[in-house]
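Here are my notes on this model, in the order I'd go through them. Have the structure open while you read.

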Amino acid sequence: MKTINEMKLQIESRSVNEAFARAAVAAFAAQLDPNIEEISDIKTAVSEAVTNCIVHAYPQSVGTIYIWAGICENGRFRVKIRDKGCGILNVKQAMEPLFTTLGGERAGLGFAVMQSFCDKISVRSKVGKGTTVTLEKSFKGRGASDD
């Protein structure tokens with residue numbers, strides 16, 4: 001899938017940066033002229049992915065979250081959220097609804113929420129090396145201009 005335009009963002013894994021990341025990605029996606037539901041879907045999915053980095057990847061420290069977003073052919077939008085944190089031991093298990101390693105007030109629905117708001121999600125992780133979550137969504141009937 002050919003990328004037409006892209007952006008990169010690097011933030012610290014602080015909860016105050018989650019809203020900024022969500023807004024920045026949404027502002028970049030706006031060039032595809034998404035409707036309110038589509039932009040809300042992207043914002044929610046990005047919010048969940050960034051929150052996972054903050055809460056799970058760097059539980060005892062502040063680390064870096066790397067965000068890449070790309071406008072692709074045929075109105076496809078792709079976002080990669082990456083960390084260099086602790087990694088996920090069992091990705092398949094982590095993606096099951098209600099699974100959480102923290103308990104307490106955590107519902108274990110982050111990946112389920114991302115899946116419900118995107119067309120495609122993939123997760124790659126290595127313990128001790130970090131995790132990359134890739135989100136893809138099509139914006140119906142739209143495409144980026146080449147200017």
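1. Burial and contacts overall. Of the chain's 147 residues, 46% count as buried (buried is under 20% relative accessible area, exposed over 50%, partly exposed in between, with a 1.4 Å probe and protein chains only). Among contacts between residues at least 6 apart in sequence, 67% join residues at least 24 apart; contact here means heavy atoms within 4.5 Å.

2. What you're looking at. This is a predicted model, where local features need pLDDT of at least 70 and side-chain atom pairs count only at pLDDT 80 or more, while totals for chains, interfaces and linings use all residues. Residues are numbered from 1 along each chain as its sequence is written, and side-chain values use heavy atoms, with hydrogens and water left out.

3. Element order. The chain has 4 helices and 5 strands, and from the N terminus on they run β-α-α-β-β-α-α-β-β. Both kinds of element are DSSP runs numbered from the N terminus: helices are H or I with at least four residues, strands are E with at least two.

4. The sheet. The 5 strands make an open sheet in the order E1-E2-E3-E5-E4, with antiparallel pairing (two strands pair if DSSP finds at least two bridges between them). E1 (3-12) and E4 stand at the edges with a single partner strand each, so one side of each has no neighbour in the sheet. From one strand to the next, the twist averages 10°; axes are lines fitted to C-alpha atoms, for helices over the stretch in contact, and angles between N-to-C directions run from 0 to 180 degrees.

5. Strand E3. Take a look at E3 (76-83): 6 of its 8 residues are buried, so the rest of the structure largely encloses it. On one side, 7 bridges join E3 to E2 in the antiparallel sense, with Ala69 opposite Val79. E3 also pairs antiparallel with E5, over 8 bridges; Phe77 stands opposite Lys137 and Arg82 opposite Thr132.

6. Two hairpins. E2 and E3 form a hairpin with 3 residues between the strands, and Asn74 there takes a positive phi near 60°. E4 and E5 form a hairpin too, with 3 residues between them, and Gly128 in its turn has a positive phi of about 80°.

7. Which residue's side chain makes a polar contact with the side chain of Ser138? That residue is Arg76, at 2.7 Å, and Glu136 also has a side-chain polar contact of 2.7 Å with Arg76. (A polar contact is a pair of N or O atoms within 3.5 Å; within protein, one must be able to donate a hydrogen and the other to accept it, and residues adjacent in sequence count only if both atoms are side-chain atoms.) Glu136 is in E5 and counts as buried because its relative accessibility is 8%.

8. Leaving out residues up to four places away in sequence, Glu136 touches Met1, Arg76, Phe77, Arg78, Cys118, Asp119 and Lys120. With neighbours within four places set aside, Ser138 is in contact with Glu38, Gly75, Arg76 and Asp119. Asn74 is 64 residues from Ser138 in sequence, yet their C-alpha atoms are 7.8 Å apart. Asn74, for its part, is exposed at 72% relative accessibility.

9. The helices H1 and H2. H1 (residues 18-29) and H2 (residues 36-57) pack at about 145°, axes 9 Å apart. Among the residues that meet are Val25 and Ala29 from H1, and Ile42 and Val46 from H2. By class, this contact has 9 nonpolar, 2 polar and 3 charged residues (Ala, Val, Leu, Ile, Met, Phe, Trp, Tyr, Cys and Pro count as nonpolar, Asp, Glu, Lys and Arg as charged, and the others, Gly among them, as polar). H1 also lies across E1, E2 and E3, running at about 170° to E1.
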